[in-house]
Amino acid sequence: MKLICKLTIIFSVFGFIWSCESPDSLEPVAGVEGKLFIEGEWPDSIQAVALIVLNSLDPGNLAAGLVSYSTPMLSPSKKSEYFFQLEPGFYFIAGAGLTIDPGIFFAKIDSFMASGNLPIVVLDKTPHLQRVIQLEDQEVIEIDQTILFSQ
Amino acid sequence: MKIKLLLIYLLLSILSAQSSITGSVTRSDNGEPLLGVNVLVQNTFMGTTTGIDGQFTIDQLNPGEYTLVISMIGFKKYIERGIIVSDEISHIDIQLAQDVLSAPHVVVTASRQAQDVMELPVSMSVIGPRQIRDRAVVNLTEAMKYEPGVSTVRGQLKIRGATGYTLGTGDRTLLMIDGVPLLGSGAGNITWTMIPVSEVDHVEIIRSGGSALYGSSALGGVVNILTKNAPAKPETRVRLKSGVYSEPKYRQWEWRSQPGLYNYLDLTHSRPIGNHSAWIRFHKAKSDGYKRQGWLDANNITGKVKFNFGERYNASLFANYYADKTALASQWKNSANPFSSPSGEEDDYTEGTKLHLNGFFNMILSDKTVIKLKGSMYDVWWQSHSATNDNGIDEQKGYGEILISTTLGQSTQITAGVVGQTAKIRARVYGDHSSLSMAAYIQAQQRIGKKLTLNTGARMETYFVDDEKLDESLAPQIALNFRMFDWLSFRSSVSSGFRVPAIAEMYTRTQLNIFKVEPNPDLIAERSQAGEVGMIVKLPGNKWISDMTMDVVAFKSTFDQLIVANPDDKGIIHFENLTDARITGLEVGASGALFNQMLLFSIAYTNLDPEEIDKQGNAIDTLAYRFRNTLVTTIGTRVWGVTASIDYRYMSRIERVKLFQENPFTGQDKRVPIHIWNAGLGSQIRGWDLQFRVENMFQYYYTELERNMGDERHFSLTIGKVF
């Protein structure tokens, strides 16, 4: 009887634990990753280059569609890696040049977003940079990008 | 003349009336003498420990009736009541029975002297050898985070939320080995991996903040690691812990073709040498880690010699040399590759050596007065090898302390001391600097009747950096213990504390991933005021519920000018006296045995309300890197000589961080609560101790610090034997 009691308690505890779920655990994410290359000489007006992700492309109001951005590549770098974590859905991805110091840009991004006036220019000389992507759940798409500055 | 003669007669009468209790303590199972048993005279400050032959003597007792409390870790506490002390010497022989459940009954850290845990004026946790052995611990933080009020963020210990995450600098917890501080002087951080865990007797954690006895850095609590003394007979101990990390649960996160392994080897020999005793330990650690930049390769030699020069003098010398190479990682590659490193940082590592010497010399001037001299030396060399950022540190620290402890009558104990500490540091990221601190402290412990103990004390400390006086602080404390019954006591304390800024916080200039860190030499000391009210209940119980202990405490701490690593509007981090803070909380701890000791349990719950406040005391925001709720539980059983245990650890989601905020549109930098389950099985087969453990058995994934994945599931087998 004592043995049965011990075993019942032990297996009950194990059973309870195995039945416990951990719903909050981190899981694989969806996103876009790749390498970003720069060809040509950096123009003086551009202090850094980043890739931006938008859920709508309105050249007159980029802030309205901005979802995410990559860690900026500083002049005169030629190559970097990037990754965007994104929820599943449709996105535009484009190369953008920062016209102010990137440290200040990211420190004050909330106020830039609120004003709707981002100090960036879409690098439209390389139209192939503007891509439309569709992401499924937990899918990571690999895209290498090259930005061409004027020689 | 007649009056003088009368006074001399009275004095001689008093002295001649004082008497002694002598005795011996042996093991009940084999009759061997027990060394180091605590023998306290209840309701007085008189007490001693047994010598190598198990004998003890307590002198200068006034005639009367006394109760002796005899205790040692791993043995049942023994209480001998009704000892009549008269003109003749009273002698008692005591046998102690082993008790695997037994936690230490006597501690030394709270008031720098041996003290019954039921008479402590402040909140304290004690981790005994059973908790360390059953969890096959190789890093003490693994055992400490099961105590109420204690948690870690990326290895940085936090007690009652006093420390958040401070980029590895400026711990607000003081670490001591055998009562002597062990801190890096430059960064003020704790190197947990150099603690000789297999030779730890027990760990005492003061959870009440305050600097009255231990000075700067103790404002968030004190961890005192008490190392073992050599046993009465020569013995050699070997322990090997080998394990394997699981592959990630998700195919997308796989990053290596072979499973990661780890091995930890301890080899110790200890023996008596005449009246003295010594042990020496070699430790080798080699781990592949659970992530790309998680590997470790370390060697450690530690030794301790305990000298006994007759009854009145004893000394101890402890030496620890640690050399390691460790992967250097700041964050994961990205959230799609959380076990990989950023490109270009895959081969970054640090190498370093640390030499720590400490020792003390005790002079027992009389049965009531002891002088203790303490000293330590700490030498650190450290170099990083990084594709992006090479750092290096070379620092030396010296520490000296003179302590005198005396008992006035049988109800007042005075402890006073002076401390000096000096450090020199040469570092690429800090430059060349020196520091000097000098302190004096005094504490009085007064018994008021048989139930009340009053502690009052204060510490004055002056701190210099580069020969310039940086700060001067006075930290008073008052604490009260009311032992209503043998099984119930209440405590309350109010104390103040301070922490001078670490040199790293004042002078660091470096690049930390995408963040730049710049110096701030204008930092001043941060200060705290802490108060608490608590109670402890210890019930012997019956065959259904036994060894029941419950500890409940409510506390409140306020911090002025807290030093915080803060990014400015250009993304540049400075350490700043940024904020005032208030942390209120509740801790509940309970442990015991059920059903004739078939089931053992412990539970610890902590609730914190960590707030940034303005000068008027209004809450502004939540303090960063704090867990609001923490729950840790352990259930264990012993059946057919096999021990089994299950641990569960819950920490609520960290509400605020400093570096990478959650992005609600992309899900980036998501923070989650932490649910960790661990399990262990242990047995002894033909003299070999075996422990099988699995940590994080359900492969729960979480981050304690942004962009740093927590431990992956790992399995281990530990085998050990005493020869």
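Mentor: Let us begin with one pair of residues: the side chains of Glu587(B) and Arg207(B) make a polar contact of 2.8 Å. A polar contact is a pair of N or O atoms within 3.5 Å; within protein, one must be able to donate a hydrogen and the other to accept it, and residues adjacent in sequence count only if both atoms are side-chain atoms. The model is predicted, so local features need pLDDT of at least 70 and side-chain atom pairs pLDDT 80 or more, while totals for chains, interfaces and linings use all residues. Residues are numbered from 1 along each chain as its sequence is written, chains are lettered from A and ligands numbered from 1 in the order written, and side-chain values use heavy atoms, without hydrogens or water.

Glu587(B) belongs to strand S34 (residues 572-594) of chain B. Helices (H or I, at least four residues) and strands (E, at least two) are DSSP runs, numbered from the N terminus. Glu587(B) is classed as buried because its relative accessible area is 1%; buried means under 20%, exposed over 50%, and partly exposed in between (1.4 Å probe, protein chains only). Neighbours within four places in sequence aside, the residues in contact with Glu587(B) include Pro148(B), Arg160(B), Arg207(B), Asp551(B), Phe555(B) and Tyr605(B). Contact here means heavy atoms within 4.5 Å.

A second polar contact, of 3.5 Å, joins the side chains of Lys286(B) and Asp297(B). Lys286(B) sits in strand S19 (residues 276-287) of chain B and, with 44% relative accessibility, counts as partly exposed. Although Lys286(B) and Asp297(B) are eleven residues apart along the chain, 4.5 Å separates their C-alpha atoms. Apart from neighbours within four places in sequence, Lys286(B) also touches Leu261(B), Tyr262(B), Asn263(B) and Leu296(B).

Tyr262(B) leads on to the aromatic rings. Over all chains, the structure has 21 aromatic pairs. Rings of Phe, Tyr and Trp (its six-membered ring) pair if their centres lie within 6.5 Å; planes under 30 degrees apart count as stacked, over 60 as edge-to-face and the rest as tilted. Tyr245(B) and Tyr262(B) form a tilted pair, at 5.1 Å centre to centre and 55 degrees between the planes. This pair links distant parts of the chain, since Tyr245(B) is in strand S17 (residues 235-245) and Tyr262(B) in strand S18 (residues 261-273), 17 residues apart. Tyr245(B) is buried at 10% relative accessibility, and Tyr262(B) is buried at 3%. Another pair, Phe485(B) and Trp487(B), is stacked because the ring centres are 5.1 Å apart and the planes lie at 10 degrees. Phe485(B) is partly exposed, with 40% relative accessible area, and Trp487(B) is partly exposed, with 37%. Tyr245(B) and Tyr262(B) also belong to a cluster linked by ring pairs, with Tyr250(B), Trp253(B), Tyr264(B), Tyr290(B), Phe339(B) and Tyr701(B).

Asp178(B), a residue other than glycine, has a positive phi near 50 degrees; Asp178(B) lies in the loop between strand S13 (174-177) and strand S14 (180-181) of chain B. Asp467(B) likewise has a positive phi, near 65 degrees, in the loop between strand S27 (452-465) and strand S28 (468-485) of chain B. Asp178(B) is buried, at 12% relative accessible area, whereas Asp467(B) is exposed, at 72%.

Finally, consider how chain B meets its partner. Chain A has four helices and ten strands, and 42% of its 151 residues count as buried. Of chain B, 41 residues are in contact with 33 residues of chain A. The area buried between the chains is about 3100 Å², 67% of it from carbon and sulfur atoms; buried area is the accessible area (1.4 Å probe) that two parts lose on being put together, summed over both. On the chain B side, Met598(B), Thr666(B) and Phe698(B) lose the most area to chain A, together 17% of what that side buries. Between chain B and chain A, six residue pairs are in polar contact (both at pLDDT 80 or more). Strand S37 (629-639) and strand S39 (674-685) of chain B each supply at least two residues of the side that touches chain A.
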